[in-house]
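Here is a short report for a first look at a structure. Keep the sequence and the view side by side while reading.

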Amino acid sequence: MTNRLLRILVVMVFLLPLAVLLAWSVALRWPWPSLLPAAYTGRWWLEMSTGSTAATLGASMILGITATLVAVTLAVPLARLLARQNFPGKRLMEMLVLAPLVVPPLSAALGLQEMLLRSGLSPSFNAVLAGHALFILPYAVIILREGWRGIPQELEQQARLLGADGGQVFRHVALPLLTPSLTLAAGFGFIVSLSQYLPTLLLGGGQVHTLTTLLLPVIRNGERGPAAALATVFVLAALGFCLLLNRVSRRVTSRKTVAS
Amino acid sequence: MRTLWWTLPALFLLTLFVGGQGLVFVDGLSGWSNIDAGFWPALWITLRLAFVSSLLAVMLGVGTAFLLVKRRSAFWLTVQTCPVIIPHMVAALLIINLLTASGLVPRLLYACGLIGSMRDFPPLLNDAHGVGMMLAYVWKGLPFAALVTGDALRRMNPRLVDSARLLGAGPWRAAWEVTLPLLRPVSLSAFLLLFTFAIGAFEIPFLLGPAEPRTLPVLIYDGLTNADLGRRPAALALSSLLALICAALCGVGQYVGMKGQPHD
């Protein structure tokens with residue numbers, strides 16, 4: 001009984017704030033001290049789906065997808081190396097991979113900005129893209145390294161014995177088995193890109209606008225409705241990722257039970 | 001070994017990153033003599049806030065893990081995973097919606113007759129104690145701690161607790177003397193990870209923190225965005241210091257985590 005009450009409390013603590021957010025995103029007026037909005041509106045959602053806000057949202061999506069593609073592509077071979085090989089300096093390489101996670105976002109973004117300015121480049125969309133890809137990379141390598149560890153090397157050797165070259169082995173043997181990890185890495189990568197604030201600000205020189213650079217000033221100005229509507233996008237993205245996670249983990253478990 | 005070539009783009013990008021940190025360090029060398037007077041209070045509030053909120057998050061997280069140890073459904077996984085993924089900025093907004101003078105919590109208290117008006121509710125946001133910031137960190141950190149310690153709980157050998165029970169220990173004593181000590185390494189590394197993230201976080205103190213004392217990242221940010229470009233080196237110097245603190249903490253966390261690998 002106590003456990004049940006406590007579990008309800010857990011759900012309340014996590015879901016109540018999200019419910020309040022959702023309510024604010026459709027509230028026109030919500031005067032003190034009523035517990036529910038006095039008048040509802042679709043205005044904040046409509047504003048978000050038209051004009052410059054919609055364009056910024058679109059840019060965020062494109063940035064997120066591109067940065068994820070770049071990061072995941074770069075991570076696949078590196079993850080394989082770290083999963084399969086032992087070599088001197090491996091610990092150092094692992095530390096190098098984790099560096100963008102370990103260094104706090106402000107210091108990390110500042111370092112990249114210094115690098116950019118020192119090499120004579122100016123802040124741009126591409127600089128932001130490279131920055132995002134870099135911050136996705138550690139997560140992608142960690143997830144894909146687990147994926148590579150789950151692929152029996154004997155399968156690849158068999159394919160080679162049957163005459164497949166390296167590219168064919170990768171395409172027809174490794175890639176299908178790597179798909180769950182790739183999906184997970186891509187989903188997580190997209191969310192990482194969507195959540196970046198300081199790197200976007202510092203590498204974009206204030207010219208590249210994304211969901212976060214739009215949202216922060218709105219929160220700071222206390223515009224409850226617009227802030228809530230914009231923030232809901234993050235909540236939906238997080239929920240979408242959870243769905244993905246559940247599906248992928250269920251698929252992997254069912255495959256394991258078939259194999260054993 | 002041909003596959004080694006394919007790792008070079010990723011390694012190049014990572015090297016650029018480390019190089020950037022090197023540049024920040026070098027360019028910040030001239031700033032050390034010029035550090036803002038607000039540095040010591042900033043360091044103190046940053047560490048204190050990160051320590052208290054991470055400790056709370058881990059303690060409550062372990063409790064939640066015990067509570068949910070048998071709940072493996074998609075629903076419970078989602079409830080715990082969402083706050084981990086939702087960005088700090090949004091966590092700050094959620095806390096604002098709940099705890100400003102016109103937020104939902106004062107409204108609920110008013111509805112229950114516990115406060116007479118908005119003004120009776122203490123200011124918890126942008127206050128010197130950092131209550132709002134702390135709650136935002138705990139809201140995000142608790143589920144993370146619950147997830148990792150819950151995972152360790154399920155991997156634990158159930159016979160250990162059974163033996164303790166057979167030897168006459170009650171359920172609370174078995175949890176206290178068998179399960180909790182076994183969870184110590186994983187909780188400690190979760191704590192260090194949350195502590196590191198909280199020290200380096202920017203959005204939560206920027207949105208929920210008081211004007212003074214600012215946390216270290218906000219202090220650095222203000223130095224960078226100041227019209228006076230002469231303040232940049234000092235901000236770079238502090239940024240290097242911040243990165244160094246976080247790297248050292250992660251090193252300790254890794255060491256603790258490795259020592260605590262479950263081997264049964």
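## Chain A in outline

Which pattern does chain A follow, read along the sequence? The order is α-β-β-α-α-α-α-α-α-α-α-α-α. That gives chain A 11 helices and 2 strands. The model is predicted.

The C-alpha trace of chain A spans about 75 × 60 × 35 Å along its principal axes. Chain A has 260 residues, and 48% of them are buried. Take the contacts in chain A between residues at least 6 apart in sequence: 66% join residues at least 24 apart. The accessible surface is about 12,500 Å² for chain A, with 66% of it on carbon and sulfur atoms.

## Chain B in outline

Chain B has 12 helices and 0 strands. Its pattern along the sequence is α-α-α-α-α-α-α-α-α-α-α-α. The C-alpha atoms of chain B fill a box of roughly 75 × 70 × 30 Å along the principal axes.

Of the 264 residues in chain B, 49% are buried. Among contacts in chain B with a separation of 6 or more, 78% are between residues 24 or more positions apart. Chain B has an accessible surface of about 13,000 Å², and carbon and sulfur atoms hold 69% of that surface. The 18 positive and 12 negative charges of chain B have mean positions 12 Å apart.

## Rings across the two chains

Are A:Tyr197 and B:Phe202 buried or exposed? Both are buried. Ring pairs also link these two with B:Phe206 and B:Tyr221 in a cluster. B:Phe206 has a charge over its face too: A:Arg220 lies there, at 4.1 Å from the ring centre. Within chain A, A:Arg80 lies over the face of A:Trp148, at 5.3 Å from the ring centre.

## A buried threonine in chain A

A:Thr212 belongs to helix 10 (residues 211–220) of chain A. Why does A:Thr212 count as buried? Its relative accessibility is 1%, and the cut-off for buried is under 20%.

Residues up to four places away in sequence are not counted in what follows. In chain A, A:Thr212 touches A:Leu194, A:Ser195, A:Gln196, A:Tyr197, A:Pro217 and A:Phe234. It also touches B:Met89.

B:Gln80 lies in helix 4 (residues 74–85) of chain B. With 8% relative accessibility, B:Gln80 counts as buried. Leaving aside neighbours within four places in sequence, B:Gln80 is in contact with B:Leu68, B:Pro143, B:Ala146 and B:Leu147.

B:Val256 is in helix 12 (residues 232–259) of chain B. B:Val256 is buried as well, at a relative accessible area of 15%. Beyond neighbours within four places in sequence, B:Val256 contacts B:Pro185, B:Leu188, B:Ser189 and B:Leu192. B:Ala243 is 13 residues from B:Val256 along the chain, and their C-alpha atoms are separated by 20 Å.

## Backbone exceptions

Most residues other than glycine have a negative phi, and most peptide bonds are trans. Where are the cis bonds described here? One runs from A:Trp32 to A:Pro33, with omega near -5°. A:Pro33 lies in the loop between strand 1 (27–29) and strand 2 (39–40) of chain A. Another runs from B:Glu212 to B:Pro213, with omega near -10°. B:Pro213 is in the loop between helix 10 and helix 11 (216–225) of chain B.

B:Asn126 is not a glycine, yet its phi is positive, at about 50°. B:Asn126 is in the loop between helix 6 (104–111) and helix 7 (131–155) of chain B. At 44% relative accessibility, B:Asn126 counts as partly exposed.

Key:
Residues are numbered from 1 along each chain as its sequence is written. Chains are lettered from A and ligands numbered from 1 in the order in which they are written. This is a predicted model: local features need pLDDT of at least 70, side-chain atom pairs count only at pLDDT 80 or more; totals for chains, interfaces and linings use all residues. Side-chain values use heavy atoms; hydrogens and water are left out. Helices (H or I, at least four residues) and strands (E, at least two) are DSSP runs, numbered from the N terminus. Buried means under 20% relative accessible area, exposed over 50%, partly exposed in between (1.4 Å probe, protein chains only). Contact means heavy atoms within 4.5 Å. Accessible areas come from the Shrake-Rupley method with a 1.4 Å probe; for residues, only the protein chains shown count as cover. Lys and Arg count as positive and Asp and Glu as negative; His and the chain ends are not counted. The place of a charge is taken as NZ of Lys, CZ of Arg, CG of Asp or CD of Glu. Rings of Phe, Tyr and Trp (its six-membered ring) pair if their centres lie within 6.5 Å; planes under 30 degrees apart count as stacked, over 60 as edge-to-face and the rest as tilted. A charge sits over a ring if NZ of Lys or CZ of Arg is within 6 Å of the ring centre and within 35 degrees of the ring normal.
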